[in-house]
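Work through the following exercises with the sequence and the model at hand. Each task is followed by a solution in steps.

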Amino acid sequence: MFVIKNYVTTGGTVACALAIGYLMQNGTPAEPDVPQTQISSVMDHTAIIAGLEDIVLTSSTPTHETPDDTTTGHRKLHANGSAPSGPTDCAIGARARAVPGAAAQLTVLAPCHAGERIDVHHSGLTVTQQTDATGRLEVTIPALSEYAIFLISVGDQAGTVATTHIPDITHFDRVALHWQGKTDLQIHALEFGASYGSTGHVSVDAKTQGAGQVVHLGQPDLNDAQNVQVYSYPAGQSDQTGSIALSVEAEVTRANCGQELHLQSLELRGDQRLSARDLSVTLPECSEAGEFLVLNNLLEDLKIAAN
């Protein structure tokens with residue numbers, strides 16, 4: 001038997017503001033693509049993840065990287081392409097660039113943090129990634145705000161900030177699920193009456209086909225990794241009217257059976273206001289290990305109107 005509890009989130013804005021303050025003092029801010037974001041309003045019984053108003057990111061050594069730039073172990077994202085003074089330069093650099101699909105391609109250079117964990121924070125989501133052998137990380141993240149801010153932190157409390165403008169975000173409805181740990185959660189979308197296994201059934205499985213897309217982000221080999229799955233539907237380009245049924249499947253294992261799983265959903269719908277819900281699910285007892293729990297009422301269905 002599982003239990004789902006809804007909570008209203010209240011501390012996200014304060015935490016985000018404090019994080020930016022810390023990172024701007026201790027990290028290396030990236031190029032300020034956009035000068036400010038705007039604060040969203042609050043809806044009925046649902047918390048809105050607020051942006052940050054009148055924040056201007058500045059740096060005495062702004063980072064400029066073109067799509068063709070290459071970087072290696074101890075290089076920063078300098079405008080003139082020059083390398084830092086020596087291998088002891090441990091400054092962390094980052095750049096965010098808008099890419100098709102209302103997403104941001106994030107590049108992080110952390111030469112003194114090769115093969116280490118990096119947590120990326122964006123609009124209430126946190127996702128765990130890992131740098132390569134040179135301290136570089138490249139990841140594409142579905143954006144949850146038009147003026148997207150990414151806070152990048154590493155294990156020793158160092159970090160930086162990257163921003164970019166996502167011009168096509170108004171064309172997408174988006175639902176994200178965020179949780180911590182090795183529990184395997186999967187978003188399934190049944191578009192306009194589709195059934196499992198048919199066209200219009202969309203999940204992270206590449207074999208599923210539909211107009212929308214599910215993306216998974218996380219580092220599965222870390223016990224306490226922050227994981228994210230995001231379903232995106234191009235509502236602004238849709239010629240169909242109807243609903244998209246959303247469900248979540250959770251695998252019951254010996255490691256999580258009988259435990260309470262805390263997660264959060266974030267939803268960006270037609271009004272482009274980002275809403276969040278904190279949720280708690282009690283997984284079945286260990287006798288059910290190996291089974292999949294289907295949660296049909298965890299996420300609200302999307303309502304799509306033809307354009």
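A nonpolar core is a set of buried Ala, Val, Leu, Ile, Met, Phe, Trp, Tyr and Cys residues joined through side-chain atoms within 4.5 Å. Buried means under 20% relative accessible area, exposed means over 50%, and partly exposed lies in between (1.4 Å probe, protein chains only). The model is predicted: local features need pLDDT of at least 70, side-chain atom pairs count only at pLDDT 80 or more, and totals for chains, interfaces and linings use all residues. Residues are numbered from 1 along each chain as its sequence is written, and side-chain values use heavy atoms, with hydrogens and water left out.

**Exercise 1. Cores**

Task: Find which residues of the largest nonpolar core touch the most other members.

Solution. Step 1: the largest core has 33 residues, and Leu106, Val108, Ile141, Phe150 and Ile152 touch the most other members. Step 2: strand β8 (residues 147–154) supplies the largest share of this core, four residues. Helices (H or I, at least four residues) and strands (E, at least two) are DSSP runs, numbered from the N terminus. Step 3: another core, of 26 residues, lies apart from it and includes Leu177, Val214, Leu295 and Leu298.

**Exercise 2. Salt bridges**

Task: How many salt bridges does the structure hold, and which parts does the pair Arg117 and Asp224 tie together?

Solution. Step 1: a salt bridge is a side-chain nitrogen of Lys or Arg within 4 Å of a carboxyl oxygen of Asp or Glu. The structure holds five.

Step 1: Arg117 pairs with Asp224, and their closest N and O atoms are 2.9 Å apart. Arg117 is in strand β5 (residues 117–122) and Asp224 in the loop between β13 (213–217) and β14 (226–233), so this pair ties together parts 107 residues apart in sequence. Arg117 is partly exposed at 24% relative accessibility, and Asp224 is partly exposed at 40%.

Step 2: Arg269 bridges to Glu267 with closest N and O atoms 2.8 Å apart, and both residues are buried.

Step 3: for Arg273 and Asp271 the closest N and O atoms are 3.4 Å apart. Arg273 is partly exposed at 28%, as is Asp271 at 41%. Shared partners join Arg117, Asp119 and Asp224 into one salt-bridge network.

**Exercise 3. Positive phi**

Task: Give the phi values of Phe192 and Gln272, and place each residue.

Solution. Step 1: Phe192, which is not a glycine, has a positive phi near 55°. Phe192 is in the loop between β11 (185–191) and β12 (201–202), and is partly exposed at 22% relative accessibility. Phe192 is also one of the residues that Ile244 touches.

Step 1: Gln272, also not a glycine, has a positive phi of about 60°. Gln272 is in the loop between β16 (260–268) and β17 (274–282), and is partly exposed at 24% relative accessibility.

Definitions and conventions. Contact = heavy atoms within 4.5 Å. Lists of a residue's contacts leave out its neighbours within four places in sequence.
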